[in-house]
Amino acid sequence: MNKTIVVMILAVVIISGIWFALKEDVNTTSPINEPEVSRIYEIPPPLPLFTLTDHNGEEFNKWSLNRNWTFMFFGYIYCPDVCPTAMVDLSDVYKALEESGDLIEKKFKVNTQVVFVTVDP
């Protein structure tokens, strides 16, 4: 085969590869099925009935959330890394809201509480 034909075929293959690679990058940068980070409801959805037991052996249910702004975290008690750091982050958020005067109780006269729900078996 002639060297010129081989070089031309290689050039076409390389250019086609670059074109497909660039086209693929453009398609993958668009947000496809990205998870929601937060959602704001104008009217809160109804909360189903539930019953849990708190750290004092007392019942915790949907009425325990009544008139409380609640930061709720689900995690493991025996979790060596992620859960403790997430709780520290949540504590920092609470302290920052407290220091800035932005806790809900100051503005809307309801309590703010932090609830940790364990999912340990």
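Predicted model: local features only at pLDDT ≥ 70, side-chain atom pairs only at ≥ 80, totals over all residues.
Trainee: How many helices and strands does the protein chain have?

Mentor: The chain has three helices and four strands. Along the sequence they follow the pattern α-β-β-β-α-α-β.

Trainee: What share of the residues is buried?

Mentor: Buried residues make up 14% of the 121 residues in the chain. The chain exposes about 10,500 Å². Carbon and sulfur atoms supply 63% of that area.

Trainee: Which residues make up the largest nonpolar core?

Mentor: There are six: F71, F73, C79, C83, L90 and Y94. Helix α2 gives the most, with three residues.

Trainee: What makes such a set a nonpolar core?

Mentor: Its members must be buried, and their side-chain atoms must join within 4.5 Å. F71, F73, C79, C83, L90 and Y94 are listed as such a core.

Trainee: Now the surface. Which residues make the nonpolar patch of about 380 Å²?

Mentor: M72, F74, Y76 and V119 make that patch. M72 lies in strand β3.

Trainee: Why is M72 called partly exposed?

Mentor: Its relative accessibility is 35%. Buried means under 20%, and exposed means over 50%. The value for M72 falls in between, so M72 counts as partly exposed.

Trainee: How many aromatic pairs does the structure hold?

Mentor: It holds two aromatic pairs. F50 and F60 form one of them, and that pair is tilted.

Trainee: Why is the F50 and F60 pair called tilted?

Mentor: Take the distance, then the angle. The centres are 6.3 Å apart. The limit for a pair is 6.5 Å, so these rings qualify. The planes stand at 40 degrees. Stacked needs under 30 degrees, and edge-to-face needs over 60.

Trainee: Are F50 and F60 each buried or partly exposed?

Mentor: F60 has 13% relative accessibility. That is under the 20% cut-off, so F60 counts as buried. F50 has a relative accessible area of 24%. That value lies between 20% and 50%, so F50 is partly exposed.

Trainee: How do you know that E59 is exposed?

Mentor: E59 is found in strand β2. Its relative accessibility is 53%. Exposed means over 50%, so E59 counts as exposed.

Trainee: Which residues does E59 contact, leaving aside neighbours within four places in sequence?

Mentor: With those left aside, E59 is in contact with T51, L52 and S64.

Trainee: Where is L47, and why is L47 called partly exposed?

Mentor: L47 sits in the loop between α1 and β1. Its relative accessible area is 40%. That lies between the 20% and 50% cut-offs, so L47 is partly exposed.

Trainee: What does L47 touch, not counting residues up to four places away in sequence?

Mentor: L47 touches K62 and L65 on that count. The C-alpha atoms of L47 and W63 are separated by 9.9 Å. L47 and W63 are 16 residues apart along the chain.

Methods
Residues numbered from 1 in each chain as written. Heavy atoms only, no water. Buried < 20%, exposed > 50% of the residue type's maximum accessible area, 1.4 Å probe, protein only. Helix = DSSP H or I, 4+ residues; strand = E, 2+ residues; numbered from the N terminus. Patch = residues over 30% accessible without salt bridge, like charges linked within 9 Å, V, L, I, M, F, W, Y side chains within 5 Å. Areas by Shrake-Rupley, 256 points an atom, 1.4 Å probe, with all protein chains shown as cover. Salt bridge = Lys/Arg side-chain N within 4 Å of Asp/Glu carboxyl O. Phe/Tyr/Trp six-rings, centres within 6.5 Å; stacked < 30°, edge-to-face > 60°. Contact = heavy atoms within 4.5 Å.
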